[in-house]
Amino acid sequence: MAAGSAAIIEETDVEANVYAIDFSFNQRPSVNIGVENLNYTVNPKNMSVWQRISALQFPWEWTNDCEPRTVLKNVSFSVTSGKMLAVLGSSGSGKTSLLDVLAGRNDGGEVRGEIYLNDVARTNSMIRSCSAYVRQDDRLLAHLTVKETLMFVAQLKLPTTMSEKQVEKRVDMVIAELGLRHVSDTKVGNAESRGVSGGERRRVSIGVQLLLDPSILFLDEPTSGLDAFTAHHLVETLSKLARNNRTVLLSIHQPRSDIFDLFDLMMIMTGGRQVYFGEANKMVDYFTEKGFPCPALTNPCDYYVDLATIDCTSDVTETDSTDTVNTLIQRYETSRQLRNTERGLSLESDGTSGVVSPDEPYPVMKMFENLEHSPGPFRQFSVLYRRCTRNLVEDYLFLTAQFIQALSMSVVVGLVYFKLGLDQNTVRDWFGLMYIIGAMYPYLVILDLIAQYHNERHYLYYEMEDGLYGPTPYYFAKVLSELPLHSFFVVVYVIPVFFLAGFTVDVKVFFQVFAIVFLLVYCSRSLAMLSSALMPTFTLSCFFAQTFFSMYIMSAGFFINLENIFSGLKWVSSISYLKWGFQGLCLTEIQNLTFSCGAVPASLCIKTGEDALKLYSLEGNTVLDACLVLLGSISVYLVIYYLGLRFVKQKPHQM
């Protein structure tokens with residue numbers, strides 16, 4: 001762990017907004033990376049049914065004639081501590097796959113070849129203990145400040161042996177190292193809410209990974225979506241991080257010439273193969289020697305990445321570009337074999353071996369010391385509960401929308417059924433009121449929450465992949481942190497309609513109505529949770545939840561008498577939480593009402609609420625029965641939600 005104090009020098013130029021930082025305060029083990037003949041193959045035939053669904057494949061696309069696809073082939077290179085390697089290539093060249101495999105984050109597939117850390121064969125636990133991975137887009141909570149974001153992550157990452165002051169000091173050091181002190185109390189923000197700039201947001205993402213002071217830093221397209229100045233400033237920061245005893249590997253598409261000058265090492269890839277690896281300042285000389293000089297006044301990165309890309313715009317260009325790419329690959333392979341031969345002779349003359357025995361001590365193992373004191377599930381729950389609560393209460397737009405929705409829906413329903421009478425013409429109206437109260441707001445809650453939970457997947461999946469916490473602490477923190485606001489919005493929904501519609505003004509009746517509506521809305525919330533956890537996209541989650549909700553709503557006993565439902569589908573009515581909520585509300589209010597007959601003959605008059613309940617086949621149960629069934633439904637849904645979090649990867653999708 002980092003020791004010492006941060007020496008911070010901030011030279012603020014108002015116009016250029018430049019921050020000079022002293023990077024000399026961190027100390028960490030040096031870790032070198034070596035890769036030999038790395039191959040990575042993906043076989044679609046080995047995908048499980050759930051993986052196919054998560055990949056948005058429909059059943060008619062589940063064919064077994066797909067051949068294994070080689071993503072990486074014979075990739076070899078080495079990077080020493082203090083250096084920064086940039087991996088270039090067009091889309092589909094294998095840049096991200098290479099970083100994923102190196103970081104041990106590849107999702108399936110077969111990996112062959114050797115990866116060494118300080119000449120020791122790498123394992124996933126080793127690489128995860130001494131490295132950090134910054135993904136292409138920022139996975140941050142928009143409504144937290146920069147310092148709050150880093151503090152919450154630090155409390156989940158840093159050893160429990162560190163005091164609160166030490167944790168805060170470490171966060172301040174990272175903020176200083178990345179030049180973020182001037183925005184430490186500014187909200188992170190996103191596309192919908194204003195916050196820090198894109199470059200500062202990207203540096204916050206890097207800061208999240210720097211909290212454990214890793215020796216190796218992987219970054220996937222860190223300059224994606226940034227303007228030229230911000231991208232240059234970010235890469236300059238990464239260069240300084242590398243010089244501070246770190247090994248930095250990043251993928252990048254086509255950097256500007258001024259960014260190119262910041263790289264120590266360069267690799268160009270095409271179709272999973274290398275066409276160049278070596279010092280960045282020698283790349284142009286290498287290609288010139290091989291017969292491909294860079295034209296004057298041309299960015300070398302742009303030119304050589306284009307040269308290593310197959311152009312499929314026409315048959316002629318495809319043939320010509322394919323020949324060029326094959327030539328580049330062959331000439332690089334020849335030069336690499338020559339270098340390997342020279343290196344082998346050098347090692348043989350020295351009497352040394354290129355691989356250290358795993359039994360020998362090496363600096364990588366020093367990083368394992370922190371794992372013994374990693375935060376446990378109770379610490380994770382405490383931090384996640386506070387973070388979830390903080391993020392909820394800071395989302396003013398969402399809270400305002402939820403408040404207006406609950407209040408307006410209640411007022412509209414209350415005005416439509418304003419002061420219902422007690423004659424024969426209003427008997428059906430009372431049942432309509434109970435049905436609308438128990439069905440409309442729960443339906444709206446489902447769609448809102450599915451959208452919210454799928455947005456949360458953008459950070460949930462990657463934080464769980466990084467080992468920040470497990471599904472159990474997150475599950476309990478999520479469920480419990482939302483209960484207070486859930487209760488508040490139900491109160492907002494119940495009070496206006498209760499008094500406007502003319503319910504019996506009685507404390508017992510009010511709390512029974514509140515309890516049933518509370519459970520009904522929470523059933524919908526739980527259904528939204530499990531749908532979001534089980535289905536890979538927002539669209540599929542809505543389809544899944546609405547299918548069940550439609551079945552429940554049709555069998556609730558309002559549109560069709562419960563006795564007239566097809567015998568083969570009566571089980572749906574038995575498990576429909578809308579039916580039990582509807583019945584519970586009717587038993588609470590209608591059962592105790594007395595209706596006047598007026599001009600209606602006595603033989604046709606419905607005099608009491610009990611007679612009305614018999615007409616709808618809603619008699620025979622109690623309010624307690626309805627509440628217990630609703631509690632049982634919530635329990636089942638929450639258990640399925642937990643199983644979804646635990647066993648279904650919460651990888652975010654755009655649809």
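Analyst: **Strand order and packing helices**

Six strands form an open sheet whose order is β6-β7-β8-β3-β9-β10, and the pairing within this sheet is mixed. At its edges stand β6 (131-134) and β10 (273-279), each of which pairs on one side only. When direction is ignored, neighbouring strands of this sheet are turned by 15° against each other on average.

The model is a predicted one, in which local features need pLDDT of at least 70 and side-chain atom pairs count only at pLDDT 80 or more, while totals for chains, interfaces and linings use all residues. Residues are numbered from 1 along each chain as its sequence is written, and side-chain values use heavy atoms, with hydrogens and water left out. Helices (H or I, at least four residues) and strands (E, at least two) are DSSP runs numbered from the N terminus, and two strands are said to pair if DSSP finds at least two bridges between them.

Within the mixed sheet, β3 (residues 84-88) and β9 (residues 265-270) are joined in the parallel sense by 4 bridges, and A86 has M266 of β9 as its bridge partner. Helix α6 (residues 198-210) lies across β6 and β7 (216-220) and runs at about 160° to β6. Helix α7 (residues 228-243) also packs on the sheet, where it touches β3, β7 and β8 (247-252), and its direction makes about 135° with that of β3. Contact here means heavy atoms within 4.5 Å; the axes are lines fitted to C-alpha atoms, for helices over the stretch in contact, and the angles run from 0 to 180 degrees between N-to-C directions.

Strands of a sheet pair through backbone hydrogen bonds, either parallel or antiparallel. An open sheet of 4 strands, in the order β2-β1-β4-β5, has antiparallel pairing. Its edges are β2 (69-79) and β5 (120-121), each with a single partner strand, so one side of each is left without a neighbour in the sheet. Strand β1 (residues 33-42) runs antiparallel to β2 and is joined to it by 7 bridges, with G34 standing opposite S78 in β2. Helix α2 (residues 95-102) packs on this sheet and touches β1, β2 and β4 (110-117), its direction making about 65° with that of β2.
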